[in-house]
Amino acid sequence: MQPQLLVLLSLAVILGLLLATRSSAALAPLPRRQLALALTLLLLFAIVCVAVITGHTHRFDEQLLHSIGEHTPSPVTHWLAKITHSGSALFLTVLVSLWVLYLIARRRTGSALLLALSGLSGALVVVVSKQLVARPRPALWDTVELASHSFPSGHTLGTAACAGALAIVLSQQLPGRGALWWWLAATWVALVGLSRLTMGVHWPSDVLAGALLGLALPLLLSLLPRCRQPR
């Protein structure tokens with residue numbers, strides 16, 4: 001990503017956080033279980049991150065990725081290669097933008113802010129993490145050549161951040177079906193993550209880290225005053 005775009009993305013996230021911390025409405029009590037879940041996901045991400053940096057996941061990553069490449073049928077690989085596009089930056093940007101416009105039209109500005117901020121912060125975290133860790137991509141078989149670094153999986157993290165935010169928004173609108181939205185979100189994240197493995201462009205720990213951090217982001221952001229449910 002060009003430095004100018006990175007600066008704009010950072011400013012957008014900062015502005016979103018400033019807006020999200022301001023609210024005059026009476027808020028529901030802080031959901032401690034949600035906070036505990038988000039912090040647990042962050043802790044697990046930190047553990048995976050340290051293990052990757054210190055090289056402790058290399059053997060596991062290589063063996064599991066070899067196994068996936070050898071035992072996944074070609075039709076499944078071909079199908080997952082299409083699914084992977086649903087985790088691309090273009091698809092997620094269009095999806096989130098349309099949904100945010102819909103929420104604004106319905107005067108659900110808190111939900112719109114949560115969704116937009118989840119997508120933007122997910123994109124920013126992907127760029128920064130890739131530069132900091134600078135992990136080479138797998139080269140176990142012939143696959144697509146990508147210029148960016150491997151850790152974490154941007155497709156998985158972006159999908160998890162947007163899917164998690166959508167699950168929260170839909171759970172607020174239709175609280176009786178919260179479990180359904182989270183199952184659908186988890187399925188989407190799992191399929192996109194698996195697609196990156198069958199394509200051979202990411203290590204398993206890249207995908208795991210992306211899913212953990214991506215899901216933690218909307219859970220944490222939804223605790224901010226402007227993004228939280230009013231009383």
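**Terms and their grounds**

Tutor: In this predicted model, helices H1 and H6 are oblique to each other.

Student: Why are H1 and H6 called oblique?

Tutor: The axes of H1 (residues 3-20) and H6 (residues 109-133) cross at roughly 140 degrees and come within 9 Å. Roughly antiparallel would require an angle over 145 degrees, and roughly perpendicular one of 65 to 115. The pair is therefore oblique, and its crossing is left-handed.

Student: Which residues of H1 and H6 meet?

Tutor: Among them are Leu6, Leu9, Val13 and Leu17 in H1, and Leu113, Leu117, Leu120 and Leu124 in H6. By class, the contact has 13 nonpolar, 3 polar and no charged residues.

Student: What makes H5 and H7 roughly parallel?

Tutor: The axes of H5 (residues 89-105) and H7 (residues 154-173) cross at roughly 20 degrees and come within 11 Å. Because angles under 35 degrees count as roughly parallel, H5 and H7 receive that description. Their crossing is left-handed. The contact includes Leu92, Trp99 and Leu103 of H5, with Cys162, Leu166 and Gln173 of H7. Its classes are 9 nonpolar, 3 polar and no charged residues.

Student: How do you know that the length of H8 is close to the expected one?

Tutor: H8 (residues 178-198) has 21 residues and reaches 30 Å from its first C-alpha to its last, against an expected 30 Å at 1.5 Å a residue.

Student: Which residues of H8 are buried, and what covers them?

Tutor: Trp181, Ala185, Trp188 and Arg196 are among the buried residues of H8. Their cover includes H3 (58-71), H4 (74-83), H5, H7 and H9 (204-221). H8 is followed by Gly200, with a positive phi near 75 degrees.

Student: What makes the phi values of Arg107 and Ala134 worth noting?

Tutor: Most residues other than glycine have a negative phi. Arg107, in the loop between H5 and H6, has a positive phi near 60 degrees. Ala134, in the loop between H6 and H7, has a positive phi of about 50 degrees.

Student: What is the peptide bond from Phe151 to Pro152, cis or trans?

Tutor: That bond is cis, with omega near -10 degrees. Pro152 lies in the loop between H6 and H7.

Definitions and conventions. Residues are numbered from 1 along each chain as its sequence is written. This is a predicted model: local features need pLDDT of at least 70, side-chain atom pairs count only at pLDDT 80 or more; totals for chains, interfaces and linings use all residues. Side-chain values use heavy atoms; hydrogens and water are left out. Axes are lines fitted to C-alpha atoms, for helices over the stretch in contact, and angles run from 0 to 180 degrees between N-to-C directions. Helices (H or I, at least four residues) and strands (E, at least two) are DSSP runs, numbered from the N terminus. A crossing is left-handed if the near helix is turned anticlockwise from the far one by less than a right angle, and right-handed if clockwise. Contact means heavy atoms within 4.5 Å. Ala, Val, Leu, Ile, Met, Phe, Trp, Tyr, Cys and Pro count as nonpolar, Asp, Glu, Lys and Arg as charged, and the others, Gly among them, as polar. The expected span of a helix is 1.5 Å times one less than its number of residues. Buried means under 20% relative accessible area, exposed over 50%, partly exposed in between (1.4 Å probe, protein chains only).
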